Structures are given as C-alpha cells and as structure tokens.
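Visitor: I have a model open and want to learn how to read it. Where do we start?

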Amino acid sequence: MKYALALCLSLAAAPASAGVAEVIDDQIRPNLAQFAEATAALESAAEQDCRAEALRPAYQSAFDAWMGVSHLRFGPMEEGGRALAISFWPDKRGMVGATVARLVAEEDPIARTPEEFGEVSVAGRGLFALERLFYDEALSGYGEDSYSCALARAVTYDLARMARELRAEWEDYAPLMLKAGEAGNDTYLSDKEARQALYTALLSGLEFTADQRLGRPLGTFERPRPERAEARRSGRSLRNVILSLEALEDMAEALADEPIPVTEEAFDTVLAEARDLDDPVFAGMEAPTGRLKVEILQQLTQAVRRAVEGEIGLQLGVTAGFNATDGD
Amino acid sequence: MQRTTTALVTLAALSGLAAGAATAQDGPDRKAVLTTYADIAEAGYSDSLTKAKELQAKVEALIADPSAEALQAARAAWLEARVPYQQTEVFRFGNPIVDDWEGKVNAWPLDEGLIDYVDTSYGGATDENQYAALNIVANPTFTLSGEEIDATEITPELLSDTLHEADEVEANVATGYHAIEFLLWGQDLNGTEKGAGERPWTDYAAGDDCTNGHCDRRGDYLKAATDLLVSDLDWMAQQWAADGEARSTVMADENAGLTAMLTGMGSLSYGEQAGERMKLGVMLNDPEEEHDCFSDNTYNSHYYDALGVRNVYAGEYVRVDGSVVSGPSLSDLVAAADPQVDAELSAALDHTMAEVGQIKTAAEAGFSYDMMLARGNEAGEALIMDAVDSLVAQTKSIERAVGVLGVERIGFEGSDSLDNPDAVFQ
C-alpha cells in the first residue's frame, strides 16, 4: 500500500512533459524575441524617417514576426487586452478606419506623448492602425513635419513597448507552466493543465485561420466578401494564413511527445495548397473558381484541426479548453 | 492461514478504500442535476415571456394613447424584462437549439439606422453594411440585395423573414430586445458622458404632434417587434417544458447534458462576456460597444449574465415573483468528485458577483457605464477589468470541474467548423 501511495505521489509530482518545455524554449521564447526585435526595428526606423514608404519594409517584418506569436492567446497576451491592442481584427464595425481618420483630422495631442498612447482606443493602435497610415492612399502621403508623422512614431513606439513587455512577462509566466503542479502554483495545478493551455492555443489558432482569416472573406456563395480579408491593404491576407500555419505546425511538433504523421501530412497539404494560390488578398473571390480555391484552403485547415485532435489530443490526454474567441 | 488472513485484511482494506471512493463519487444522481438545469431554463424563459407580455401591454398603451408617461412605462417594462432574460443567456452556448434561436431575440450590436432615423454623426452605408442607414420606418418601399421590398405594412413576418440580418449582415438587427430598446430610447448621443437615449414620446404622437416623421409606422414597427419577441420567447419556453425538445436533448445523454451545462457557463464567462462584451468596450473606449447602449442598462445585463452562470452551478434560480426553483446541483456533483474544485469554483463565482456588483453599484450611484469606458478613466477601467479578470479566473475553475467530472469534449461550441463537421467532405 505504501508503495502504491508513493507511486501515486511521484506521478503527481512528475516534471513538466517534454512537450511543454519544448514549445516554450524552441518556439515561444525565440518568436517573442523576434517580435520584440522586429517592432523595435520599426520604432527606430520611424525615428529616422517616419514617412509611409520608408517604413513599409520594417512594417512587413514586424507583421511577419507577429504571426509567430499571435496564437498565444492566454497569459501575458491577454493581460490588459494586449492582443487586441497589437492586432485589432476582425474589425466588424470599421472602427480602425474611423479612429485613425479621427486622430488625424482632430490632430489629437495624444500622439505627441507616445508613452501615454496606450490610453487610446485599440482601434487607433497597433498593426492595423499603422496599416491605414502606411497603405491607405487617403492617409499615406504625409510628410516629415505632419501630424501623421508624429502619429506613426507614437503607434510604433507603443507597439514596440507592448512587444517588449510581452517578452518580459513571459519570462515570469514560463516557470508557471514549467513547474505546473508545484506547491504555490495556482495557475497550473498539474502538468496536464499546462499541456491543455498550449493545446487550446494550437487548436484556437487553427480555428481562427479557418473561421476568420478565410471564413470572413469567403462570406457565402451568393455574397463573397473579399473586402473583409485580413490586412488586405498591406497585401498580407494569404501571407498571414501561411505564416500562421507554419508557426502552428512548429508548435504541434514541439508539443507532441510521439511522432505525428497524420498531423504533419495535413499541415503539408494545406501549406502546399496555400503556397500555390496566386491570390494574395483573396481578390479572386468574386469568381466561382477563385472562391473554390479559398474554400478548399478553409476545409484543409479544418482537416488539420481534426488531425491534431485525433493525434495530439489523444497522445497528451487533453481536450481543448475554453478560448478567448469563443463568444460570437 | 496466516497468509490468508493477511490477504483477507488487505482485501478488506482495499474494498474499504473502494467503498470510500464510491462514496466520494456518489453525490446526487446526474439525471437529477440535469432536471434542475432544465427546470431553471424553463422557469427563466417562462419568466422572460411573462415580462415580455407586460412590455407588450405597455407598448400597446403607448401606441393607443401616446404620452411621456406611457413611454416611460414601456421603458420600465423593458428594463424589468431584461432581468430574467439575461439570466437565461447561460443556456445559449451549450444548447444548439438556443444558440440557433438566440439571434432573433438578443442580436447585438446593431446598425440602428436600418430601423429608424439617426443623427448625422452616425454616417451612412459602410463597407461592411450597405444598409446601415436604410431607415425602414421612413421608407415603405426600398431595394434590398437587388430585390424590391414592399414594407408598406410592417408585420412580424416582414421583420423576421426579410429584414433581420438583411444582406447577410449580422449588424442588420431588425428584431429582438435591442431593436425594441432603440425604438423606446433612441440613440444615446452622449458619448462617454452620462445619459441614455432621449427619444421624445412625440415620436409616437398622432397628427401634427408627431416628431421626426412617420410616427404611425414607428408605432407599427415597435408593435411588430414586441409581438415577435413574445412569440419567440413563448416558443423557447415550450422547448424546455416537460416534453420539449431542449429538455429532451439535455436529458438524453448524461455526459452530453453536463457538458452542455459547463460549456454554457465557460463560453459565456470567457469569450462572450469577459471578451466581446466587457474588455472590447473598454479597449475601444466606445459606448456603442455597450450591450444595452440605448438604455444605459449595460451594468445590469453584465450583472444578470453573471448571475445566470452562478444559477446553473448552484442549482438555484429566484423567479420574478420571488419564488425559488432549486434542486440537486452541479455544485453537489463536483463536490462529491473533488471538494476542493467545488470550493474553488463556488468562490470564483461569488467573487465575480461581487465584482459585477461593484460595477452595478457605481453605475446606480451615477457613475454610468459610458463614463467608465472613457479614455483615461482609470477608475472605470479598473472596475470593468477586475470583473473581466474574475470571469477569466472562473473559466479556469470551470475547466477543472470538467476534468473532475470526466465530461471532457468541451470547447469550440458554436464554431463554424464544429457545427458543420462534414464541411471538409463537401
């Protein structure tokens, strides 16, 4: 009996599964570092030259880096609504356009104090506010001495700050996941809870790409909505799908304890299809053949999700928890 | 002999342990817990129906004999009607029959210009919604998605079948509580200053007293929308009655039924209430993001949503007449499986009630919900974000309850992919 009890205890105190540590060390930490560096580079580029044309390359790099971490919708990312402030999309009520236009029209003095810019509505912050400034022809023609120049600097400053804080807070948060189940750890009572948090992020990321990044522009057969594609102004709609799937594949591989051939094949299939698609902002959606291709992409993304559930979910003994986007 | 004795003792010890484990697992019968759940749903929708009928009577009185008092009475009835209804929102995410129906009665946010006149600051059609400023009250005929619509007579059918979600845009909300709310209060033009919508009663007056035009059509619209609300709630109350479909579905499979309960609690707490309804409004500093934005009743809708979650867990609901529906609860069941998880979740739900109670208290004392959303209003932001954090924390405890009951398979309810698992094979 004693032995059995001891065995139970030792099982309960088992160290974090290899998967959790691997995801944190091989993916989360380096990707957060990359995001912090890319946004810092954008901020300093804006210090040098704040004009739209000059900043587009650094903007694209920062957005690329965001796709490596955008699925981590828990813990530090949800703190104070950070994910929304970095990337406010979908924007169902057209708030970004209206908010940026209002800031510019009123020359809201908040742009002169970048350290306080975090007070502004999330629709006037982050990557999507910058997209308006850099790519919307009505706004992007501003010069060095304009209000928009100050606004671009304030938004890039605020974005770099958030990325820096996100990275720093994850350094405090990671030990909670790695030492799940230890005394005093109220966040993760067991290793299973830590695995479940990552697993939920993985499935929610796939869900977001299928339902939002692809589902929103798809609309319905009678009424396709290419104007609803994510980041279409900066030409990134398809690129975001690809980069996010790549990041999620890395995460799946790191999280699994055993080989995951079915999941890998599902990822390979959808990625091959996506890389082949010659429609960067899903503009071809209006034609039935163009629409079909995006629909296939969506179905293949859903197939990845089912593969993950059947393979990794079973392996790890977890099911998805609730996620931040499960409202309506 | 000696050996045998030891073996027997060991066996006895083991069976004692097993018996102990069985006792710990006992708790109430799972069917009884599901019955309490369905009873609370039935009572909640029946109460919502009762209050909607009272609203209907006040609306009819307003249209028959318009006056400031009659408008005020209708508004008061609407506010009362929200109390039981918001407590039923917890039934939504776990039960497809409710989720599929919910959009008819509580769709939000809405582009109110679809229905009636709006201030010039509202703007017109948008990229997202060509019909954002259609103004059905002022236009007996119009074109919708290429089709000529005859709206000379405003009927419940016209609202539900033709105008609701017109052009496949979710913000085209033609029916339900919020359409009625807009018709009773009008736009709230106070921004993040204190104050609700100030629609004059003369918007329903006859002849020359009529303000803002088309008072008869406005009255027809209000009447049609209220009648529709009553019939929709009547239908849902029936679904939870003895042989109703919603009740039978819940009772058909114990694990699935418990999953429905927990999914409803978790999805409403986290993604919907903490996320869409509370955090987003603060982060956007936008009073238009208030759930009950025309009437400034948002603090109550948050409060009663949270109470609904607690009702389901505690197995207890206080009806609008003060009587109580209660029975074996999910809390009893979780406590039998793991008292610690039950204590944690019960405390988390109580903590949330205290947090949303603070918002309600401040709002009723004059610090209105719009003011809390204002840019740089740190006190308001703290009030709301504390409630958000509490809702997020309770969701974590709900996940733990799912674990100890062994009814995993939770999450992603209401997502397109799950609703249509065959999509990939089409």
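Guide: Start with how a chain holds together over its sequence. This is a predicted model. In chain B, residues 24 or more positions apart make up 72% of the contacts with a separation of 6 or more.

Visitor: How many helices and strands does the secondary structure of chain B have?

Guide: Chain B has 15 helices and four strands. It has 426 residues, and 53% of them count as buried.

Visitor: How do I read burial for a single residue? Is Ala335(B) buried or exposed?

Guide: Count the C-beta neighbours. The cut-off for buried is 20 or more within 10 Å. Ala335(B) has 20 inside 10 Å, so Ala335(B) counts as buried. Ala335(B) belongs to helix H11 of chain B, residues 330-337.

Visitor: Which residues does Ala335(B) touch, leaving out those up to four places away in sequence?

Guide: Gly27(B) and Asp342(B). Ala335(B) and Ser346(B) are 11 residues apart in sequence, and their C-alpha atoms are 10.0 Å apart.

Visitor: Now the chain contact. How many residues does each chain give?

Guide: Chain B gives 32 residues and chain A gives 34. Next, ask which elements supply them. On the chain B side, those giving two or more residues are helix H9 (254-284), helix H14 (378-405) and helix H15 (416-419) of chain B. H9(B) gives the most, with 11 residues.

Visitor: What is the make-up of that side of chain B by class?

Guide: Eight residues are nonpolar, 12 are polar and 12 are charged. As for other ways to describe an interface, its size is often given as the accessible area lost when the parts come together.

Visitor: How do I read a helix pair? Take H5(A) and H6(A): at what angle do they pack?

Guide: Look at the axes, then the crossing, then the residues. Helix H5 of chain A (residues 95-106) packs against H6(A) at about 65°, with the axes 10 Å apart. The crossing is right-handed. H5(A) contributes Val96(A), Gly97(A) and Val100(A) to the contact, while H6(A) contributes Phe128(A), Ala129(A), Arg132(A) and Leu133(A). By class, that is five nonpolar, one polar and one charged.

Visitor: What about helices H9 and H10 of chain A? At what angle do their axes cross?

Guide: Roughly 165°. The axes of H9(A), residues 237-255, and H10(A), residues 261-276, come within 10 Å. Angles over 145 degrees count as roughly antiparallel, so H9(A) and H10(A) are roughly antiparallel to each other. H9(A) passes H10(A) in a left-handed crossing.

Visitor: Which residues make that contact?

Guide: Among those from H9(A) are Leu238(A), Val241(A), Ile242(A) and Leu245(A). H10(A) gives residues including Phe267(A), Val270(A) and Leu271(A). The contact divides into nine nonpolar, one polar and three charged residues.

Methods
Residues are numbered from 1 along each chain as its sequence is written. Chains are lettered from A and ligands numbered from 1 in the order in which they are written. This is a predicted model: local features need pLDDT of at least 70, side-chain atom pairs count only at pLDDT 80 or more; totals for chains, interfaces and linings use all residues. A residue is buried if 20 or more other C-beta atoms lie within 10 Å of its own, exposed if 12 or fewer, and partly exposed in between; C-beta atoms are placed from the backbone. Two residues are in contact if their C-beta atoms, placed from the backbone, lie within 7 Å. Ala, Val, Leu, Ile, Met, Phe, Trp, Tyr, Cys and Pro count as nonpolar, Asp, Glu, Lys and Arg as charged, and the others, Gly among them, as polar. Axes are lines fitted to C-alpha atoms, for helices over the stretch in contact, and angles run from 0 to 180 degrees between N-to-C directions. Angles under 35 degrees count as roughly parallel, over 145 as roughly antiparallel, 65 to 115 as roughly perpendicular and the rest as oblique. A crossing is left-handed if the near helix is turned anticlockwise from the far one by less than a right angle, and right-handed if clockwise.
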